[in-house]
Amino acid sequence: MHLKEENEWKIDFKELEKNIRENTKMICLNLPNNPTGTTLDHEEMQQLIQICKKHDLYVLVDEIYRGLYQEESISDLYEKGIATSGLSKVLSTPGLRIGWIKTKDKELIRLINERRDYSIISSGPINDYLGALTLKYSKEILSRNREILEENKNYLRKWLKAHSHLSCVIPEYGTVCFLKYDYQIDSNTFCETLQEETGVFFVPGCCFDVENHLRFGLANDPQIVKEGLEVFSNWLKKLDTSR
């Protein structure tokens, strides 16, 4: 992912294709992306697929953040597209550990089933029951979660207007975003100091090889998000006065 001048996180397809080698078999992505929240529109998905067809590549996409809206799945668009997902994120049931793999390639599914590794024979009956219950009420859960996301996104937009040293490409679909700051402090020190002094936690950008950024989850309780950002604002005043 690259941050374009128009303040959008985008895949650089030319750079992607340039890095394909003779022994390349697969391209791996996660969409919506973690930490930027970026997804690919239909035209971009087709661009990716054409590159993969040209080089006869599989595409494996972690779609665990997909489903809150109507994003397209690689498994529906490309015969060598493989999607993995589960109930953890958008359906708010991380404890169940129930997920799936989807592809049009039936032979690949057969091979996956043959090579399956496991530490238990099957998921627990209560996990299966709760998973089925989650899917039964998926529309209601997704509606609730969309409301939470939109409230937090709108609040973050307002909050950013009062903080000139921070900016963010707020994603249309994703549940995480990447706050950018211009303070002269590395992201690891920034996050550790902030957490030690206030309890507010961000994942530092250095974890993604992108400095001066903070990974921010948008799916928390809006009241907690607002309170956390208020605490963060007060802490930032120290950095503003030390500039």
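**Entry 1: starting point.** I began with Asp76, which is partly exposed at a relative accessible area of 42%, where partly exposed lies between buried (under 20% relative accessible area) and exposed (over 50%), taken with a 1.4 Å probe and protein chains only. I noted that this is a predicted model, in which local features need pLDDT of at least 70, side-chain atom pairs count only at pLDDT 80 or more, and totals for chains, interfaces and linings use all residues. I also noted that residues are numbered from 1 along each chain as its sequence is written, and that side-chain values use heavy atoms, with hydrogens and water left out.

**Entry 2: salt bridges.** I looked for salt bridges, meaning a side-chain nitrogen of Lys or Arg within 4 Å of a carboxyl oxygen of Asp or Glu, and the count came to 10. Asp76 forms one of them with Lys102, at 2.5 Å from N to O. This pair links distant parts of the chain, since Lys102 is in strand β6 (residues 99-103) and Asp76 in helix α3 (residues 74-77), 26 residues apart; helices (H or I, at least four residues) and strands (E, at least two) are DSSP runs, numbered from the N terminus. Lys102 is partly exposed too, at 37% relative accessibility.

**Entry 3: helix α8.** I then followed Lys226, whose salt bridge with Glu151 has its closest N and O atoms 3.1 Å apart. From the same helix α8, Lys238 meets Glu197 in a salt bridge of 2.6 Å, N to O, and Glu197 belongs to helix α7 (residues 187-198), 41 residues apart from Lys238.

**Entry 4: the sheet.** I turned to an open sheet of four strands, in the order β7-β8-β10-β9 with antiparallel pairing, where two strands pair if DSSP finds at least two bridges between them. Strands β7 and β9 (203-204) stand at the edges with a single partner strand each, so one side of each is left without a neighbour in the sheet. Strand β7 (residues 166-168) pairs with β8 over three bridges, and there Cys168 has Leu179 as its bridge partner. Between β8 and strand β10 (residues 213-217) I found five bridges, with Lys180 opposite His213. Two bridges join β9 to β10, and Val203 stands opposite Arg215.

**Entry 5: cover.** Is strand β8 mostly covered or mostly open? I found that five of the six residues of β8 (residues 176-181) are buried.
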